[in-house]
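Keep the sequence and the 3D view open as you go.

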Amino acid sequence: MSTDYAYDEEGYLWPFFVFTLTLIITLPLTYILVKRSRDPAASFPRIQTNFKHKHSDVVESLRKKEKRKDRKLWLIFAVAIGWVVMGYMLVLIQNTEAPTQQLWNPYDILGISESATEKQIKRAFRDMSLKYHPDKAKPDPAKNETLEDLNNRYVEISKAHQALTDEEVRNNYIQFGNPDGKQGYSINIALPKAIVSDGNGKYVVLLYSALFGILLPYLVGSWWYGTLRRSKEGVLMESANRLFREYRDNIDEGGVIGALSTGQEYDELFKGDKADSGLSKVESRILAEGELSPLAGGLSVKDKEKLEDLESGPQRKALALLWAYLGRIELDDPILEKAKFAVAPIAEALNKSFTAISLAYMNTAPLLSSYYASQLLIQALPPKSSPLLQLPYFTPATVKAVDGDSKVHTNVQDFMDRPDAKRRSLVVGKGLLTDEQYREAVTVAKQLPFFRVAKAYFKVTGEKFILPSSLVTLVVKGRFVPPGSENVPEIEPLDLEDIDPAEDDLDAILGRKAKKQIGKDEKRRPVFEAGSDEPISAPLAASPYFARDHSPRWHVFLTDSKQGRVAVPPFTFAQFDKPIFEADGKTPTFAMQTLKAQFQAPPQAGHYTFVMHVVCDSYVGFDTKMEVTLIVEEASKAAEMEEVVEDEISEPEEDSIAGIMHAAKGGAPPKPKKKVVKAKESDEEEGEEEDSDEESGTDEESDDTSDTNTDTEEEDN
């Protein structure tokens, strides 16, 4: 048996091969393109506002540019080419006739039925021989016949006759389907013959060498070294190294801003002459006298010295522009204004890496400074500035009118807690806000998601006590109460409880939402609403100066105030289990939210007091700080306390709920306990009398006479 390899000369198989190969490549690329093109922020709720500042168009253009950058032009081109090729291959597949394979059948060749006798077979062969013998038949030019075609046809007729008359040939036909015996098979290679024809082989080898020897290693190498160039937070490794060198245990928000200017990402933004262009103008503006601070940019003396110590270059330009952005300084130059808003998102991305570095050291001050720096970058506020500047149209003059002579800034919550008439009288007027601007500021303030903590406690699921080294859950209960909210409902005590799920409650065990009963059907069976496991996201941050859409995040962690260390690393929450606002996007639901963080209890028993921080990374002044105590019991003591609790369970009184239920079942109510009370004669006698009274009161087998005497004594006394 032989095996023949044949190329697809009919051009039938190769479109299938090309279509399949293109499909394998194009579908994943299409998925990546669609995923990148889809704006994740499009499905997030937004704070409703009409506020636009002078440079809103610049900020919006930077946001759109970042979204376009994610789409990658080469990816779009590759996907388009892939779909075009697949479409063309489908056309070829549909319009190309598939070659039909006919089985060799001697009866069909001789034109007789399978029930023909040997006599009929010989007669048919004789008739066809007289007609198609090469010596008698002549090629038909109309059918493009050749002498070779006639010879082949006569050979087939002879084989058919032998297959039906010769015993050996007939056995070959019956066993192998061919009079010549067992045949070889051919394998068609799904490539057009033109590709592998003589003279083109070298081009095929060259193509394969380019694909598998150059392009594939290049793509794999680019991907691999690209992952090595960036840290887990997505910043360049060189930037992370520089941030590491800038870390200090006592660093404040201004120090963090200075550290963020060291990122290598700014080298691409300020290439060549861009690093020095306009730098002197920016520095003169930020170092000018400010309205609420000594310097307009909000720099401290230490921050100013750091800026002046830097050599001219991308880092100094980035730092100067960062202070101009935080101080909302007008630069009166379109290029500088665009660069001012472009540096903030880069700094915010670098700040994530600095936060990770701070967590590695587990010191409280740097971690809080990094979170506060994130708030400042997203809201475009300098350190120690008034939180009221987060509201639309608020200016330093407006802040002065609200704060008055106070050295402590008024936060948004305190301002909104005042009566409307009082607020209006402070901020509406000449040189301040108009009525329309005031209404817009109040409207935005009433949509800001301020998480108000109601209760925080520790528990171990399924246990009454917390034992050493057990898995503890920190449960934080709170509601989103926007500043200025009216008619805030009282907290239901049951909402503050965290009830352990039943053993058969699969929904709760698997983390699915419990279905809420909404009524009963005609057969009085409970009807539940369709449960939704989709988490609820908070509205995108109200950040008109930040050139990115940012989803707020809340970080919950525990610290040791005595040592200034982080005891339990932050747990981050960006989504919640209950809606924050109603369908209109403005009316708060005041639904109780539950935040949970699990960690291991200390290995020794005792009382551990921590400071719990709930920090929002997007708004200034929306943080919570409170003391919480973790009580860890010894295993033996916890067991004793459980026994005591069980022993203290006594029989119900006659007028108690248990007694009433007992009587309702037909049983006699429990016998009430009697207590003898005698007149006091002396302190010593009183103690003796009480002892005797207790004994008589607990004696459930007293007779009726003693009971009567007891009642008489009680009346006499």
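A residue is called buried under 20% relative accessible area, exposed over 50%, and partly exposed in between (1.4 Å probe, protein chains only). This is a predicted model, where local features need pLDDT of at least 70, side-chain atom pairs count only at pLDDT 80 or more, and totals for chains, interfaces and linings use all residues. Residues are numbered from 1 along each chain as its sequence is written, and side-chain values use heavy atoms, with hydrogens and water left out.

**Exercise 1.** Decide whether Gly 258 is buried or exposed, then find what Gly 258 touches.

*Solution.* Start with the location: Gly 258 sits in helix α11 (residues 253-260). Helices here are DSSP runs of H or I with at least four residues, numbered from the N terminus. Next, the relative accessibility of Gly 258 is 1%, so this residue counts as buried. Finally, leaving out residues up to four places away in sequence, Gly 258 touches Lys 306 and Leu 319; contact means heavy atoms within 4.5 Å.

**Exercise 2.** Find which residues of α18 are buried and what they pack against.

*Solution.* In α18 (residues 396-403), the buried residues are Thr 398, Val 399, Val 402 and Asp 403. They lie on the same side of α18 because they cover an arc of only 125° around the axis, taken from the directions from the helix axis to the C-beta atoms. An α-helix has 3.6 residues a turn, so residues three or four places apart point the same way. The packing partners of these buried residues are α19 (412-417) and α20 (420-427).

How values were computed:
Helices (H or I, at least four residues) and strands (E, at least two) are DSSP runs, numbered from the N terminus.
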